[in-house]
Each structure stands twice: as structure tokens, then as C-alpha cells.
Amino acid sequence: MPVAIAFDKKSVNHQLLLGLTFDEMTGVITHDRAKPYHPMTLSGTPATWNSLPSGLPFLRFDGANDYLQCSAALTGDLDITGDFTLLAWVKPNFVGMGAMVIMCRNGTDVCGWCMWLYDNPTLGPLLSLRTNQGGSHSECWGAGFTAGEWQLVGYTRNQANVSAICFRNGEPLITNIGAGGMLNPVACAGAPAKKLLIGVQDGEGSNFFKGDIAGGECGPRAWDRELSIPEMKYVFLTEEHWFS
């Protein structure tokens, strides 16, 4: 018989810093299965517990007042300043919305990082990544995302090459990077330190996410390393069955 491999022994999960599950289905706390552990509080309305026919849990965000937060004190390990990877399964609803943050730990033009979706009137839905450098920021984006459809979205960031790659469903996309490349984010360790937020921008009053974000083994994730292209494809291929 095949031997099951423990979650944290799978090579793709090495250096995983965040792995939210959304599987509680009640209350206002959702847990993190990554070793650093970041319990998050459902805040605002808040987002509502749901599950797919496959049994996969997800949270539905109303685009007006729903978000998740984890205190700055518990998220210092997510103050990533080198290589990193961000991933989430999302089903966005762009109607009436501008930029919609998926996840961030940042202060715009101050410190940290932020990943969000935006339905550009000319180019269609874009996935953007920003790193902040104490008075300025670096930014990149990729096109080809879809409203009202489950899709795996994310970025890998490479410190040595000052670059980033945008991904959809495990495939790298053409990634448009601003002049100067994707510079290191400045750490957010100083006062005021920053929370980890899902579904809203720093300040917790703008850029709310509208739509669904999956949990279970497909929940929002962050690594303090750059996953390879084959690893990104592996994540998609081993998880897409939940959404069939």
C-alpha cells in the first residue's frame, strides 16, 4: 500500500509560512496549518462559511466589509524581504469593484508586499504584485484572469534577478514589471508594525475583496522561497479536482 506523506514533509511545502484552511465552518477564528501558525480573525460583517460540492471549504467576501486579520505580533515571519511565493484559489466578482486585495502585509510606499486583482477597462482582469521601499514601490502585473470562475492565482519573486513571475492555474504568464524591477520590500518591523490581511488593504477600509477564496488544502499560502515552475504546476494539478 502507498504510504501517506505528512503535510509538512511534502517537498512543495518546505518553507511554507502560511497555509490557511477555512475548515472550521463556524465562529470567527480560522487556523493555519503551516508550522509558524497564524490564527486569523474573521472581521467586519464577517465573510460567510461555505463549501463546494466536493466538500472543500471556502469563504465568501461581500466586497464591502469582510476581511481576515492576524496581528502584527504574530506575523513577523511574513515580513519577507527576499525570495517568496504567494498563492490562492479565488473566484472573483468584479461588479462594482476597483482593486481587490487578496492578501497583504504592507504599508503602501512604506514597507511589505501586497497581491491584488483589478478589472482593467482595457486589458481585462489583472493580477498585480507590489513591494514597498520606504517612499516608493515596485509593481508588476499579468493579464488573463476570469470573473466568476475558480482559478489558482499567484506570484513567485526572485531576489537575485530583481524579478517576479505571475501565474494562473500553474502556468507562468507574461509579467509586466516596472522600471527598476521588483525590488526587495522594506521590512515592516518598525512602528507601526503591520498585520497580515486577507481581503482588504492596510488600514482595513479600502480595496475589499468581492467573491470567494478557497480553504482546505487549497487555502491562501505564502512561502519564504521562490517555488519553481514545475512546483507551481504540481500545486495546480494536485488541487484542481476539488473544483470540478
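Modeller: Happy to! Let us say that two groups are in contact when heavy atoms lie within 4.5 Å, and that helices (H or I, at least four residues) and strands (E, at least two) are DSSP runs, numbered from the N terminus. This is a predicted model, where local features need pLDDT of at least 70, side-chain atom pairs count only at pLDDT 80 or more, and totals for chains, interfaces and linings use all residues. Residues are numbered from 1 along each chain as its sequence is written, and side-chain values use heavy atoms, leaving out hydrogens and water.

Helix 1 spans residues 229-239, and its buried residues are E231, M232, V235, F236 and E239 (buried means under 20% relative accessible area, with a 1.4 Å probe and protein chains only). Looking down the axis of helix 1, these residues fall within an arc of 140 degrees, so they line one face; the arc is taken from the directions from the helix axis to the C-beta atoms. An α-helix has 3.6 residues a turn, so residues three or four places apart point the same way. The buried residues of helix 1 pack against strand 7 (84-92), strand 12 (151-158), strand 13 (163-168) and strand 18 (221-223).

Now for the rings. Rings of Phe, Tyr and Trp (its six-membered ring) pair if their centres lie within 6.5 Å; planes under 30 degrees apart count as stacked, over 60 as edge-to-face and the rest as tilted. F236 belongs to one aromatic cluster with F58, W89, W150 and F243. F243 is buried, at a relative accessible area of 17%, and W89 is buried too, at 2%. The ring centres of W89 and F243 are 4.1 Å apart with planes at 20 degrees, so this pair is stacked. The pair joins distant parts of the chain: W89 sits in strand 7 and F243 in the segment after helix 1, 154 residues apart.

Terms used:
Buried < 20%, exposed > 50% of the residue type's maximum accessible area, 1.4 Å probe, protein only.
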